[in-house]
Amino acid sequence: MSARPRVGLFVTCLVDLVRPQIGFAAVKLLEQAGCDVVVPAAQTCCGQPAWNAGADRHAVDIAWQVVDIFDEFDYVVAPSGSCAGMIKRHYPEVLKNDPRALALAAKTYELTSFLVNIRGMKAVVAKCPTRACYHDSCSGLREMKVRDQPRQLLKSVDGLTISELSNGEVCCGFGGLFSVKYPEISERMADDKIADAVATGADMLIGGDLGCLLHLEGRMERQGKTMRVRHVAEVLADAI
Amino acid sequence: MSARDAILLSIRSRTRAAAPKPDSYRAPIIPFDLVAAFVTKAEAVNTEVRILEREGEIPTAIAEILRAHNLAARIHLPPNSDVGGLGGLTILRDPPGPDDTAVTRVPLAIAETGTLVQPARNASPASWHFRPGFEIAILKASDIVVHFEDAIQKLKAQDLPPTINLITGPSRTGDIEQTLELGAHGPKALAVLIVRD
Amino acid sequence: MNADPRAFKAQARDALNDAKLKSALGRLKTRFALKRQEAVAGYGDFEGLRQAGRAIRDYSIANLDRLLVTFERNVVARGGVVHWARDAAEAQEIILGILRDAGAKTVTKGKSMVSEEIGLNAHLESNDMIPVETDLGEYIIQLRKEPPSHIIAPAFHLHKEQVEEAFRDAHTALDPNRVLNERQALVAEARAMLRTSFEAADAGITGANFLSAAEGAAVIVTNEGNGDLTRLLPRTHIVLTGIEKVVADLDDVAVLLRLLTRSATGQEISSYVSIMSGPTGERPGSAFHIVLLDNGRSKLIGTQAQDVLRCIRCAACLNHCPIYSAIGGHAYGATYPGPIGAALNPGLIGDSTYHHPNASTFCGRCAEVCPVKIPLPTIMRHWRAKEYADGLAPKAMIAGLGVWAFAAKRPALYRLGAKIMTRALKLMSRDGAVHSLPLVHGWFAVRDFPAPRGKTFQELWRERA
């Protein structure tokens, strides 16, 4: 292992399509943590929408593609608990414990937990004078054990206070295709989460998964609410 | 083919991974003082507990409890069961009704959960623990064991009776608005007299 | 009044719009989830207990036939009778036969989800028998002629005013001017009314929480004591149970009991645990019958859904499920709602329950709290994959995924498509968001879509370099 590890950035389709600034923020943070970051051009999707929908053949094809593209790196890091979780927790099942899949899974991480647990990052240099609340995505929390790491780094952001949600462990109602297949249930779950966020008095919602954030932000816009929504990478990279 | 054969065949024809016989489970250790442990657990679930030094104190304790609960000086005692010295009370031998008080002897109890172990025998029919409004159970301190498993082991030393009732506290329900109310069908109150031998 | 699983979406919509239901469902957190959390924290090594519970249940499934045969032998040796039923119809007929032979008319019932599963009450009623539910929650919903909405708390969806109304309508012999707006009064009234039923019953039917093979024992767990009054007073006691409930011995039951009560209600033990091996009725000549029901359970063995047979029916998964918390149990239109229903029903009932495994975000809380570590989301996904392979998934979704996958496997095409899409979305945005799109009605019915930057990350990254 070289002194500067080679990290393949798994951009995620949502970041690529909607919020490229999150990708740039992730690169900045990884470089600050002493990594050489490569962004493979051939990457597309982790295959989770297909896998969760039971479209197994599509999921297998896409997973093999990801393995081919990323297995050369020392680490694979995604600014997303759900995409990292797909590779780390589910690729072994998708690809029937193929050794290459297991090897990739072993070195795949969500961004903030990689920075803290693997690179030992303790603080960032950033400024964000606001009261915010933090939304833990279910996959980040349960699949990738991401909870303390983003909070630890956010503590070092100048002027930022984090107020905890009362029901932080409850799903926001995104769930990928669930959000369009069962919109009314998804709406109720979003409203509960938003009410929780508003009750903290925060004027910013920060989270680690863009799917959750677009769902919550989209619902808040429909309701005319003005709370800002940001990805944790943007806040930590001083790029809000 | 009988239903029995069909079901067994259906099970046997499926491929199952073998699963090893699990190791015996070791339940959490209880503090050394079993009486104290029993009392803590029992009181936490609305069981009234009194500790007596001798058998002879039982009649007074029963009379006091009845007075404290504003109950008549009348108890139901199972046939073939005896409690000496109950002079001041009316003793009935027929099964108790929903507002009556029953006095029973309990041969075994579990400290882990504050539970009375009542094997049903003809002398104390099981329904006596469910019919009355109030049950007063008499327990010897030396009959308290640590865990459920210990109780079963003791019962198996003699033939396992057809019913074993494990009783922890009075009858309760949370079925209305998930809020606890006592006395759903079984007794509304339970008292245990622990006699240190 | 049974809902239809195929009408899940409409039933869910009705539930979401029901303010009374919403208020009742708020109790899931305060009454169930918090209590469970306290009980788990108080136990010490709860994770070790879960591992032990899983191992016991896996052993049961792996040795199910042998354990059932041992159980049967020991029940018979102690004077009981064992019946086997392949499906609901067979179980109904067996039970009816036992009751007819016993000359029974009024039958008291302890809470039994399996009896709901086979529609027993309706069958008995249409054969001139009178089943009387004695679990307070079951009694209330029997009066209201509706099914249970929760596996352990059948009347969970109701407020006490609704209970009062049901009692006033049914208990017509009582003084109409009586005060009945307190829970205690309602419980006292039910106690009095049902005591009469207990004493008058010709037969009693209960479920079983566990079957213990080594002792030939059935174990029932209640807080009310109704299960015991049901089985002790009449001359005939019938235990109706699924075949998967059997474990090796009472030591195994001890472990599962510790898990069950903590996971269900946060109790260390329920008020009454009754271990019955042989006839226990107090009248002379009492009979003890066990009816072992398959009804689709055995065919799950050896499949990717096998682990669902570990279930000990604690309902912790329901209590922690955000979908169940939003819509309640009736919307599912099946005996078993929530995550366990989603994992079980496609196997037990079939394709009509398509929505059950699909109406999940795979948040994973259910698997986290399951006392026997059933990988519920994994099993739900397995049912989704089966439905997809059988062509039962919605055509639009299959087509959409097909297009997406086609592009995702062709990086150059994907990058081009992404460039086009991000620009199109940006163009369609007004005031920072897209407000509607004809193709993705499900999203825009309730949300806007925040406007994208307008260029993809990949193209910006290449520009930088």
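User: Which residues of helix H9 (residues 148-155) of chain A are buried, and how do you know that they sit on the same side of H9(A)?

Analyst: The buried ones are Gln149(A), Pro150(A), Leu153(A) and Leu154(A); buried takes 20 or more other C-beta atoms within 10 Å of a residue's own, with C-beta atoms placed from the backbone. They span an arc of only 130 degrees around the axis, so they lie on the same side of H9(A). That arc is taken from the directions from the helix axis to the C-beta atoms. What covers them includes helix H7 (111-118), strand E5 (127-135), strand E6 (158-163) and helix H13 (232-236) of chain A.

Analyst: Bear in mind that this is a predicted model: local features need pLDDT of at least 70, side-chain atom pairs count only at pLDDT 80 or more, and totals for chains, interfaces and linings use all residues. Residues are numbered from 1 along each chain as its sequence is written, while chains are lettered from A and ligands numbered from 1 in the order in which they are written.

User: What makes H5(A) roughly antiparallel to H6(A)?

Analyst: The axes of helix H5 (residues 81-94) and helix H6 (residues 99-106) of chain A cross at roughly 165 degrees, coming within 8 Å. Angles over 145 count as roughly antiparallel, so H5(A) gets that label against H6(A).

User: Which residues of H5(A) meet H6(A)?

Analyst: Ile87(A), Lys88(A), Tyr91(A) and Pro92(A) meet Ala101(A), Leu102(A), Leu104(A) and Ala105(A) of H6(A), contact being C-beta atoms within 7 Å. By class, that's 7 nonpolar, no polar and 1 charged.

Note on methods:
Axes are lines fitted to C-alpha atoms, for helices over the stretch in contact, and angles run from 0 to 180 degrees between N-to-C directions. Helices (H or I, at least four residues) and strands (E, at least two) are DSSP runs, numbered from the N terminus. Angles under 35 degrees count as roughly parallel, over 145 as roughly antiparallel, 65 to 115 as roughly perpendicular and the rest as oblique. Two residues are in contact if their C-beta atoms, placed from the backbone, lie within 7 Å. Ala, Val, Leu, Ile, Met, Phe, Trp, Tyr, Cys and Pro count as nonpolar, Asp, Glu, Lys and Arg as charged, and the others, Gly among them, as polar. A residue is buried if 20 or more other C-beta atoms lie within 10 Å of its own, exposed if 12 or fewer, and partly exposed in between; C-beta atoms are placed from the backbone.
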